[in-house]
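Hi everyone, thanks for coming. Let me put the structure up on the screen, and then we can walk through a few parts of it together.

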Amino acid sequence: MSDHIFLSHSSKDDNLVKQLRQLLELHGQIPWVDSRELTGGDDLKARIEESIRTARHFLVVISLDALDSEWVERELEIALDEAEQRKDGYKVIPVVLPGTPMRIFKRSFPGDPLYIEVADAPNGLSEALPAIFAALGLELPADYQGKESVAAKPLAELLLKLTDPQIEKKENLYWVTATAELEYIPADTAERGIHSRRYKFTSPLIRDEKRGRDDNLEELRWYIERYFQWPVGVFKDRAMKTEANLPAWGKALYDAALQAESAREPLTAWQGQSGSRRFSVQVDFEPPEGSSEDEAAQFREAAVELLALPWEIMHDSSGFLGQGGEAVQVRRRLPNRKQTSTLRATLPIRVLLLSPRPEIDKNGKPVGYLDHRSSALPLIEAMEQLGEGLVRVDILRPPTFPALKAKLKQAKDHDQSYAVVHFDGHGVYDRKVGLGALCFEAARDSGKLGKRLLELVHAKDLAAELRAYGVPLMVLDACQTAKAELDPASSVAAKLLEEGVGSVVAMSHSVLVETASRFVTAFYQALAQGGRVGDAMLVAQAALFGDRFRGKKMGAGDLELQDWFVPVLYQDRDDPQLFTCRPGETEQRLAQKGRELQLGKMPAAPEHSFIGRSRMLLHVERLLAQEQYAVIRGSGGLGKTALATELGRWLLRCGRFQRAAFVSLEPHCVQDVRGVLDALGRQLLPQYSVATYPEQEGDALALARQPVERALRDHPTLLLLDNMESVLPDHAG
């Protein structure tokens, strides 16, 4: 008896059987499929019967096509006969595909067999994997835990509409005013909404043209963008005063927006809701027809000030709106009068991640470097909870603007549009052109290692390219992506919203890498658990609020910061729930086990985790995008192995490779080329051994290579050869 599993199927089900074969292989099993085992000149019937009778188990994929196949019928007869004769647990396992009537397929089986049904869903096969593994004896059967549906909770909304924005001045101080209207939108559409009369809104937060201490908005900007540089002494005193003022500023903003007499009825109705609640601010930024250029400019500038107000810090005397068991979501809306269409996301949810890391600008000056995995790693960790059936993450390579355009078009043409586009990198507000911009790597320099040129892509150009795709969610993990100065639509976030992106998560100020990383971690974990975008936003802001530690500053000690209100949410109207189901515990555990097997014999990750060397990691990653191999060279003890294995783990997690194999070339590990091949083969193929191919029999090494080479073709694989110096010539050559 062999250890293989015979897969019987109709050739019309080849695509699904290929997926099943690959899943079994990646979990260390040996599937036997006739198309991969038989060659010209073989005795077809004899080879197939032998393989069925010597198999560990027989797995038959049942479909209408399979039931109509004479080959499947014959193979099933042989397997049932073998199962009757053998007493070693040989099993005939039916895996039933969607659309196959039970009454038909049961005619082919004696008795009443326990079958495994593949659900008609994107993750149907992966969801059936625990039952398949249990049938094969690889798992003990457990209580059925299929995917769990997650329903979004009803949501009551309070919408503050601000129109006719104006800037009022007194001496060197100025503030913004607007006409306000408050609307209560109940969670139950059958319930009547409530509209207030119009009333005047006057911002309690002011600006000082001379940037004096009365300028609380400037104090807030200084606190977020400058204080972290040296958080000691008088600067710390100033920061503590700003932190102490946050509740008072938030209460003043709350009163100005919601405490008018005519706002009482909708506010009271909204406050009386015990479920999920949301507060939305909608600012009209289009001046009335017939306005002069000066009037229009003043109108837009005032609208910018309204959107820039820190609505997230609103405080109702008991706490900030985002605090407590009945925390409130806060978002910004723009009255979009364009006809746009936002894609309705379907499973699997497709995520496109961009992490441009340009190194020099057009003047040859270096660009500040950010760890290229600061957002990517927590995003992928959160998505790993769901498995490939529910989500797929693609990383854009190279991260250039033309590559983004091509990727979006390719996905749409193949009916695989992206539901989430995540940009992790630098963002700026370009005062020369009055627009926000994202920093991409220039396409013409995408092949130069260490000299990637920065290319600014302004909000207008970015939005023009994205408008046809209707992306439901775009996350801008980049500084100042919600910033504007003279026109509200000049920020990257607002421009994308205007052109049809359904939801945009952006940063109102420059943001610390640590803050962004923590925010992304909590945001995607909540999103993966079935929360709406607004729910995930609230969870992530609460995570920042609950832990204000942002690292250590050399010479200054711990840095603590209240910056939870820097990430902001722009939405059109709807708040989508992207993930409507979660996989069962067994499915998640098997997926984790599969990921561990795919690492081969790679050394375990260090207990202290991998720290630093991010630039070097990126350099080798880029090199492997251009070449088939890379060499990491250095003196002993410098961490070459740690760097290589961390790169291997990362490239597997982000989908660049499907598995890895690790071999140390130290003399006590392998003796020769056959030893290296044997060490690789044992990680890629169950029960592989070079000893099966004796050296004295012809070109044994070439024959021994063939199954390894096929395994490498089947699954993109990263090979790590450690201690190469052991086999290199010595100093004398």
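Let's start with Glu514 and Arg518, which sit 4 residues apart in helix α16 and are therefore separated by about one helical turn. Helices here are DSSP runs of H or I with at least four residues, strands are runs of E with at least two, and both are numbered from the N terminus. Glu514 forms a salt bridge with Arg518, with the closest N and O atoms 2.6 Å apart. By salt bridge I mean a side-chain nitrogen of Lys or Arg within 4 Å of a carboxyl oxygen of Asp or Glu. Why can residues like these face each other? An α-helix has 3.6 residues a turn, so residues three or four places apart point the same way.

Glu514 is partly exposed, at 33% relative accessibility, and Arg518 is partly exposed too, at 24%. The scale is simple: buried is under 20% relative accessible area, exposed is over 50%, and partly exposed is in between, using a 1.4 Å probe and protein chains only.

A quick word on where this comes from: it is a predicted model, so local features need pLDDT of at least 70 and side-chain atom pairs count only at pLDDT 80 or more, while totals for chains, interfaces and linings use all residues. Residues are numbered from 1 along each chain as its sequence is written, and side-chain values use heavy atoms, leaving out hydrogens and water.

Back to salt bridges: the count comes to 47. Lys495 and Glu498 make one of them, at 3.1 Å from N to O. They are 3 residues apart in helix α15, residues 492-498, and both are buried.

Which parts of the chain does the pair Arg21 and Asp714 link? Their side chains meet in a salt bridge of 3.7 Å, N to O. The pair joins distant parts of the chain, with Arg21 in helix α1 (residues 14-26) and Asp714 in helix α22 (residues 700-714), 693 residues apart. Arg21 is buried, with a relative accessible area of 6%, and Asp714 is buried at 18%. There is also a network of salt bridges, whose members include Glu49, Arg53, Arg74 and Glu77.

Now for the inside. In soluble globular proteins, nonpolar side chains tend to be buried together. A nonpolar core here is a set of buried Ala, Val, Leu, Ile, Met, Phe, Trp, Tyr and Cys residues joined through side-chain atoms within 4.5 Å. The largest one has 142 residues, and Phe279, Trp311 and Phe523 touch the most other members. Helix α16, residues 513-528, gives the most to this core, with 8 residues. Leaving aside neighbours within four places in sequence, Phe523 is in contact (heavy atoms within 4.5 Å) with residues including Leu473, Val505 and Met537.

Last stop, helix α20. This helix covers residues 640-653 and reaches 20 Å from its first C-alpha to its last, close to the 20 Å expected at 1.5 Å a residue; the expected span is 1.5 Å times one less than the number of residues. Is α20 enclosed or open? Since 10 of its 14 residues are buried, α20 is largely enclosed by the rest of the structure. Trp650 and Arg649 are among the buried ones, and the cover includes α12 (376-383) and α19 (614-626). Just after α20, Gly655 takes a positive phi of about 85°.
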